[in-house]
Amino acid sequence: MISSIDLKGAYFARKAEMDAAIARVLEGGWYILGNEVKSFEKEFASYIGVAHAIGVGNGTEALHLALVACGLEDSDEVITVSHTAVATVAAIELAGKKPVLVDIEPDFFTLDPQKLKSTITPRTKAVIPVHLYGQPSNMKEILRIARQHDLYVIEDCAQAHGAMFHGKRVGSLGDLGCFSFYPTKNLGAFGDGGMVVTNNAQLADKVRLLREYGWKSRYVSSIAGWNSRLDEIQAAILRVKLRYLDADNAARSRLAKLYSEGLQKSGLALPKIRDGTSHVWHQYVVRCSDRERLQSFLSDNNIHTSIHYPLPVHLQPAYKGRMNGSGYLTETEQVAREVLSLPIYPELSLKDVKQIIKAINMFVSAGAVA
């Protein structure tokens, strides 16, 4: 079986370094917000190209704390997309704000700036563009519109570690950038973890307070906060993995190129890359009008695929009927019926990719509708 992800393979690829990093933490006897976290924050900030990085518990909490740090009022609206992991919308509601959903650009699966412009109201205070699948959103237009309306821009970079937009890494473009280090990410821990990055010193200080009960000094809360701390073991692991992130992303890019070349005549809608950007291929996502049959065919041929995401947030049981979306997020709803994520990760062999390509082309040549 060709799996859609191989976390064990990622561990064994750098086992000695990771084991040494974990042992260093265990032997040091300091397990929360110590030198490993401080060092990783410094290294990650340098990598992204920002002044500040604050380690937190996970990607959802990164978005939550970033929103709270902006000082929005309870009645304020935050615009984002419905074609995303539910965490994006969950974080907005966790912060006590109202999610307002806009449609996506069908070629890139990211927030459509023109739809953003027409959705802004006097209550809109922030926008969260999601750099989905490793593809940067159209940040030039999003930032232009946001600045015209005095909106905070909080980048959801959970699937785009290392991606570039016109020479700058995602996360460094808006007011704040939020990352997840969930194990399946391009930069993944061995558990949960997240990061907020920013060039704004005041916002950085606020997030640091919020992640640990609002403490300026231990046990004394200057503001109301939460418990959302990146632990030392995860930080130590991530420090190892960060050194290889560009190489791993390059490996993903080589596999993506192989897919795109091998599937040119398949009839599938293949992913496109926005001009002036680098895609880091967290997922290689094709579109197929007969997705379920294609996915079943591949499964029968021992190839595991995934769907990111089968149901837009506004149509999910927990959200349906209580937020905008249904009836006019037409691109979002169409994409959700067609997208299929093929296996892609640095440890995936060229032989396996060629086998996947062969199987898809067999499906098409058999007369299946793509």
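Two strands count as paired if DSSP finds at least two bridges between them. Helices (H or I, at least four residues) and strands (E, at least two) are DSSP runs, numbered from the N terminus. With these terms, three strands form an open sheet in the order 9-8-14, with antiparallel pairing. Strand 9 (168-169) and strand 14 (277-278) stand at the edges, each with a single partner strand, so one side of each is left without a neighbour in the sheet. Two bridges link strand 8 (residues 164-165) to strand 14 in the antiparallel sense. Met164 has Ser278 in strand 14 as its bridge partner.

The model is predicted: local features need pLDDT of at least 70, side-chain atom pairs count only at pLDDT 80 or more, and totals for chains, interfaces and linings use all residues. Residues are numbered from 1 along each chain as its sequence is written, and side-chain values use heavy atoms, with hydrogens and water left out.

Five of the five residues of strand 10 (residues 176-180) are buried (under 20% relative accessible area, with exposed over 50% and partly exposed in between; 1.4 Å probe, protein chains only). Strand 10 is therefore largely enclosed by the rest of the structure. Both of its faces are covered. Leu176, Cys178 and Ser180 lie on one side, Gly177 and Phe179 on the other.

Which strands pair with strand 10? Strand 7 (residues 152-156) runs parallel to strand 10 and is joined to it by three bridges. Strand 11 (residues 194-198) pairs with strand 10 in the antiparallel sense, over four bridges. Cys178 takes part in both pairings: it stands opposite Asp156, and its bridge partner in strand 11 is Val196.

Now the helices. The axes of helix 4 (residues 59-69) and helix 5 (86-94) come within 8 Å and cross at roughly 40 degrees. Axes here are lines fitted to C-alpha atoms, for helices over the stretch in contact, and angles run from 0 to 180 degrees between N-to-C directions. The two helices are therefore oblique to each other; angles under 35 degrees count as roughly parallel, over 145 as roughly antiparallel, 65 to 115 as roughly perpendicular and the rest as oblique. The crossing of helix 4 and helix 5 is right-handed, meaning that the near helix is turned clockwise from the far one by less than a right angle. Thr60, Leu63, His64 and Leu67 in helix 4 meet Ala87, Thr88, Ala91, Ile92 and Leu94 in helix 5, where contact means heavy atoms within 4.5 Å.

Gly96 is partly exposed, at 34% relative accessibility. Its C-alpha atom is separated by 9.4 Å from that of Leu67, 29 residues apart along the chain.

In helix 12 (residues 330-338), the buried residues are Thr332, Glu333, Val335, Ala336 and Glu338. They pack against several elements, including strand 3, helix 11 (291-300) and strand 16 (339-342).

Tyr219 has a positive phi of about 75 degrees although it is not a glycine. Tyr219 is exposed, with a relative accessible area of 64%, in the loop between strand 12 (215-217) and strand 13 (220-221). Trp281 also has a positive phi, near 55 degrees. Trp281 lies in the loop between strand 14 and strand 15 and is buried, at 4% relative accessibility. Finally, a cis peptide bond joins His308 and Tyr309, with omega about 10 degrees. Tyr309 belongs to the loop between helix 11 and helix 12.
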